[in-house]
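Please read the points below alongside the model.

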Amino acid sequence: MSVKKEQQHNGLEAAKLYPNCKIAESAYIGKNVSIGHSAMIRENVIIGDNCNISPNVIVGESTHIEDGVSVGRRSYIADHVTIKTGVVIGPRVKVLQYTVIGMGVNISKKCKICAMVAIGDHASVGLRSVIRAMACVGEHTDIANNVHIKTYAEIGDHCYIGPLVEIGSSSVIGGSVGPDDAPRTIDGIYDCVIQDETVIGDQCRIRSCAIGKHVVTRAYVDLGVCADIEDHVVIGRRVNVGTNVSMQANINIADEVTVPDDCTVIACDGSLSVKPNTINDHIVNKHGWLKRAMCRIGNKILLRRESRV
């Protein structure tokens, strides 16, 4: 179908349609829309007013693009996607089926947003980041460059996820966790901050926390509200960390340790490991080695070197 016939079909003589763009007869194109060279708009697509579809973009069937949206060159928008008002999508972005992108979201170039993802209003996704299928990103959340968010992960509102961070499958980041947990902010901006090159394992629960650079949490870790984890901390599988806990840098906590509320974990002798199982203010591993990790000075927990029980 020619461009001229499409303009007549939609009654939109003001639309700016460049050569070689292909628009299905059943598509609806709003007012003051620009569709670039060699773009393809498939069946039953709705594009609102004041949108810019750049050259070589493909928009799949039954996708709804609201007013004021910009889609960068060579991006691919799959079938049944909803893109709300004021979204900016950079070049070479892939948005797969049944995804919903909220108002005012900014997605940088070369990102991949997989199927059935939900991104809240005014969030941002940095360069080359990947959000896997069925993941959710909350409102006003900032995701930096090269972040990998795996399937079924949930990122709450007002979170910051730093560069090169990996969030494991089915993990939940940020947000209140019960009727008595009031929303909290870090520096008055973010509810939860995860810094550069941190790895969060599968099925973790990270509440309103500040997590430093190069931190690793294994699977099933539970961090309480207002935990403050410094750089280069390693937290093992099934570790429970209470509320208002602070951990010094370079601490290694083994699997199945419980850290109580309102304490500061510090290393007396450099980088130390906490062994499994909290028992009467001591931590003992399966070989009978005793770690006097629960020796307290005020609310501080001192990690000391191992001794045989």
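1. The accessible surface of the protein chain comes to about 14,200 Å². Carbon and sulfur atoms account for 46% of that surface. The model is a predicted one, and the values in this note should be read with that in mind. Of the chain's 309 residues, 43% count as buried.

2. On secondary structure, the protein chain has 47 strands and one helix. As for contacts with a separation of 6 or more, 12% of them are between residues 24 or more positions apart.

3. The largest nonpolar core has 72 residues. Ile35, Ile41, Ile107, Ile119, Ile131, Ile149 and Met247 are the members that touch the most others in the core. Strands β25 (159-161) and β28 (192-194) are the elements that give two or more residues to this core.

4. Ile35 deserves a separate look.

5. How many salt bridges does the structure hold? There are two. In one, the side chains of Glu166 and Lys150 meet at 3.0 Å, N to O. Glu166 is in strand β26 (residues 166-167) and Lys150 is in the loop between β23 (148-149) and β24 (154-155), so this pair ties together parts 16 residues apart in sequence. Glu166 has a relative accessible area of 27% and is partly exposed; Lys150, at 25%, is partly exposed as well.

6. The other salt bridge joins Asp222 and Arg207, with the closest N and O atoms 2.2 Å apart. Asp222 belongs to strand β33 (residues 222-223), while Arg207 sits in the loop between β30 (205-206) and β31 (210-211), so the parts tied together are 15 residues apart in sequence. Are the two partners buried or partly exposed? Asp222 counts as partly exposed, at 21% relative accessibility. Arg207 counts as buried because its relative accessibility is 16%, and the cut-off for buried is under 20%.

7. A search of the whole structure finds one aromatic pair. The ring centres of Tyr160 and Tyr190 are 5.6 Å apart and the planes stand at 45 degrees, so the pair is tilted. Stacked would need planes under 30 degrees apart, and edge-to-face over 60. The pair links distant parts of the chain, 30 residues apart: Tyr160 is in strand β25, and Tyr190 is in the loop between β27 (172-173) and β28. Tyr190 counts as buried, at 17% relative accessibility.

8. Tyr98 is found in the loop between β14 (94-95) and β15 (100-101). With 49% relative accessibility, Tyr98 counts as partly exposed; the cut-off for exposed is over 50%.

9. Last, His232. This residue is in the loop between β34 (228-229) and β35 (234-235) and is partly exposed, with a relative accessible area of 41%. Not counting residues up to four places away in sequence, His232 touches Lys213, His214, Val215, Asn250 and Ile251. The C-alpha atoms of His232 and Thr198 are separated by 8.7 Å, with the two residues 34 apart along the chain.

Note on methods:
Residues are numbered from 1 along each chain as its sequence is written. This is a predicted model: local features need pLDDT of at least 70, side-chain atom pairs count only at pLDDT 80 or more; totals for chains, interfaces and linings use all residues. Side-chain values use heavy atoms; hydrogens and water are left out. Helices (H or I, at least four residues) and strands (E, at least two) are DSSP runs, numbered from the N terminus. Buried means under 20% relative accessible area, exposed over 50%, partly exposed in between (1.4 Å probe, protein chains only). A nonpolar core is a set of buried Ala, Val, Leu, Ile, Met, Phe, Trp, Tyr and Cys residues joined through side-chain atoms within 4.5 Å. A salt bridge is a side-chain nitrogen of Lys or Arg within 4 Å of a carboxyl oxygen of Asp or Glu. Contact means heavy atoms within 4.5 Å. Accessible areas come from the Shrake-Rupley method with a 1.4 Å probe; for residues, only the protein chains shown count as cover. Rings of Phe, Tyr and Trp (its six-membered ring) pair if their centres lie within 6.5 Å; planes under 30 degrees apart count as stacked, over 60 as edge-to-face and the rest as tilted.
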